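Here are a few exercises to work through with the model open beside you. Try each one before reading its solution.

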Amino acid sequence: MSKAEDRSDSSAERDDALAAVEAALERESVTEVEPDARQRQELALVLRDLSPAPTARFTAELDERVAAGFPRRAGRPAAPDARLRALVPTLLRHVSPPVLAGAGALLVAVAVGLPLAVSDRGPVSVAPDGAGAPPSTAAPRSSLPEAVAPASGEDSSGTRAEFKSGSAPPTAPGESRRRVARSASLTLAAPDERLDAVADGVTRTVERRGGFVLDSSLSLGEDASTAGGSFDLRVPARRLRATIGDLAALGSVRARSQDGDDVTARFVSVEDRLLAARAERRGLLRRLERGGSPDRIRAVREQLELVLAEVRSLRSQLRRLRERTTYAKLSVTLRSDEDAGAAPGSTGAALEDSLASLRMAFNLGVRALGVLIPLSVLALVGALVIGAVRRRRRESVLA
Amino acid sequence: MDLARWRSGSVSPVLAQSEPPDVPVGAEPESFEDLYRRLLPRVYAYVASLLRDRTGAEDVTALAFERAYRRRTSYRPSRGTAEAWLFGIARNAALDELRRRGRRATLDADPEELAPAAEERLELSLRRATVRSALRDLGTRERELLALKFGGGLSNAEVSRVLGISESNAGTLLHRVVEKLRKACNEQG
């Protein structure tokens with residue numbers, strides 16, 4: 001006989017035995033004639049009869065408590081965790097599960113989306129007012145915002161503020177020790193009648209982000225093939241991404257590229273050479289103070305001039321490098337394109353906005369799910385593990 | 001206090017599903033008080049078999065019903081019958097009590113024996129004594145299984161719910177224990 005048949009037989013035997021037991025319990029009598037089955041039935045009835053019964057006193061006491069709804073005994077307020085446990089079913093009763101799930105998802109979405117939105121600052125909608133003012137052509141260096149003005153060896157009054165030997169040169173806020181010169185280009189398209197407004201929007205966006213227009217040109221006219229413009233912009237490197245986002249909202253993006261050039265090695269090299277040149281200059285000045293023969297003094301002066309020229313040159317190089325890394329180069333090309341999009345305020349623009357909002361909501365939802373799903377899996381696994389451990393601990397007394 | 005329904009206030013659809021199987025569909029849902037009256041002797045029998053202490057069994061039984069009353073809104077018929085739910089609560093309370101006492105639920109002590117009725121036939125008394133004696137040789141888990149089945153009067157499906165095992169497994173375990181007990185009785189008899 002095969003193992004499968006054995007199993008089948010034993011399973012059938014078990015089922016028959018259990019059925020006999022159930023029959024005896026149900027009918028409260030022995031119904032089988034076969035000796036073993038009869039014995040099982042007798043055993044079942046004896047086991048049931050052996051079960052202890054509650055006393056009349058205990059039953060009466062508990063009846064009273066049940067009838068009174070288990071009043072809490074005086075001086076025994078419900079434990080905080082008991083109150084909390086009682087709150088969960090109450091919540092579940094009054095709030096439907098889909099609403100609870102939605103609220104949970106919303107909480108996660110806010111928790112995930114808010115930091116992202118804050119870090120990106122999102123595309124800020126700039127509605128060009130179409131005032132028709134030509135975009136500014138070039139911003140003078142003096143117009144740089146103070147907060148992002150490139151640090152240099154000279155302060156604003158022109159007096160020299162040399163770095164102390166051994167101390168790190170000052171860096172712009174948010175700069176790391178790695179120096180990267182960033183550049184980006186963006187090609188925007190807009191309907192012919194909106195070109196002027198978009199160009200104005202470009203200027204205002206860049207200025208709002210702490211940047212400036214280095215060069216710009218705009219051509220408006222009857223011929224759509226020649227209409228367009230170009231902007232050579234400088235924006236604080238740390239705000240480049242946000243600025244591109246803002247600019248992209250002004251028109252229809254046709255092309256976008258970004259590039260970075262790591263100039264850390266060059267920067268460090270120039271810095272080191274500047275420090276060495278300054279040390280040499282100090283040495284020469286000391287030698288000059290000590291005096292000596294006229295020939296010797298003349299030789300020191302000549303050497304000092306050479307060193308001073310080198311210091312100036314290195315300082316200039318350092319300033320240029322710092323400016324390149326502090327400010328990113330952003331080239332914006334503006335093109336006339338009738339299919340580029342609807343004018344702001346129009347139904348088409350509203351539709352575009354609503355689509356963009358939908359897209360953003362969808363993206364946010366996907367991000368939230370990206371967090372929610374692993375968290376749910378973790379919570380589930382945690383709950384299972386905790387449940388298993390608690391069960392095992394509880395059942396340890398049965399071992 | 002209105003105990004007419006498990007969930008005070010209105011009769012919820014969930015309650016309608018919480019009726020015991022023999023209650024026809026559409027009939028009045030069973031109140032907590034009815035459930036209590038129906039299950040008190042069975043829960044007590046199970047707890048007393050587990051704790052082997054009448055006073056402790058009373059405390060734990062009362063505690064189990066109180067917990068069940070306070071958590072009655074958490075009962076979901078889709079997860080099993082009201083019996084399985086209540087016996088699960090009683091089991092946890094009994095095991096907690098055993099742990100609190102810091103003692104093992106062993107079979108060292110005799111189960112509390114009820115004095116046989118004077119009119120009880122001799123044969124029945126002898127059979128009971130034999131079974132009691134054979135019960136001492138069973139493990140605690142085996143005894144618990146018998147208490148759930150014969151003291152608690154649970155179906156195999158309900159036993160499996162309470163113990164967190166499959167119904168088939170519960171049937172197999174039960175069959176083994178009954179056979180073990182039967183053989184032990186035969187050897188002693």
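**Exercise 1.** Work out in what order the elements of chain B run from the N terminus on.

*Solution.* Keep in mind that this is a predicted model. Walking along chain B from the N terminus, you get α-α-α-α-α-α-α-α. The tally is eight helices and zero strands. Now look at how the chain packs: of the contacts in chain B between residues at least 6 apart in sequence, 67% join residues at least 24 apart. As for burial, 52% of the 189 residues in chain B are buried.

**Exercise 2.** Decide whether Val60(B) is buried or exposed, then find what it touches.

*Solution.* First, locate Val60(B): you'll find it in helix α3 of chain B. Its relative accessibility is 2%, and the cut-off for buried is under 20%, so Val60(B) counts as buried. Leaving out residues up to four places away in sequence, Val60(B) touches Val47(B), Leu51(B), Ala90(B), Ala93(B), Ala94(B) and Glu97(B). For a sense of the fold, take Asn92(B): 32 residues from Val60(B) in sequence, with 9.7 Å between their C-alpha atoms.

**Exercise 3.** Describe how chain B meets chain A: how many residues are in contact, and how many salt bridges are there?

*Solution.* Count the residues: 62 of chain B are in contact with 48 of chain A. Then take the area: about 4900 Å² is buried between the two chains, with carbon and sulfur atoms giving 60% of it. Arg99(B), Phe150(B) and Arg182(B) supply 14% of what chain B buries against chain A, more than any other three residues. Finally, the polar side: there are ten salt bridges between the chains, and 19 residue pairs in polar contact, both at pLDDT 80 or more. The side of chain B that touches chain A has 27 nonpolar, 13 polar and 22 charged residues. For one salt bridge to inspect, go to Arg57(A) and Glu58(B), whose side chains meet at 3.0 Å, N to O.

Methods:
Residues are numbered from 1 along each chain as its sequence is written. Chains are lettered from A and ligands numbered from 1 in the order in which they are written. This is a predicted model: local features need pLDDT of at least 70, side-chain atom pairs count only at pLDDT 80 or more; totals for chains, interfaces and linings use all residues. Side-chain values use heavy atoms; hydrogens and water are left out. Contact means heavy atoms within 4.5 Å. Buried area is the accessible area (1.4 Å probe) that two parts lose on being put together, summed over both. A salt bridge is a side-chain nitrogen of Lys or Arg within 4 Å of a carboxyl oxygen of Asp or Glu. A polar contact is a pair of N or O atoms within 3.5 Å; within protein, one must be able to donate a hydrogen and the other to accept it, and residues adjacent in sequence count only if both atoms are side-chain atoms. Ala, Val, Leu, Ile, Met, Phe, Trp, Tyr, Cys and Pro count as nonpolar, Asp, Glu, Lys and Arg as charged, and the others, Gly among them, as polar. Helices (H or I, at least four residues) and strands (E, at least two) are DSSP runs, numbered from the N terminus. Buried means under 20% relative accessible area, exposed over 50%, partly exposed in between (1.4 Å probe, protein chains only).
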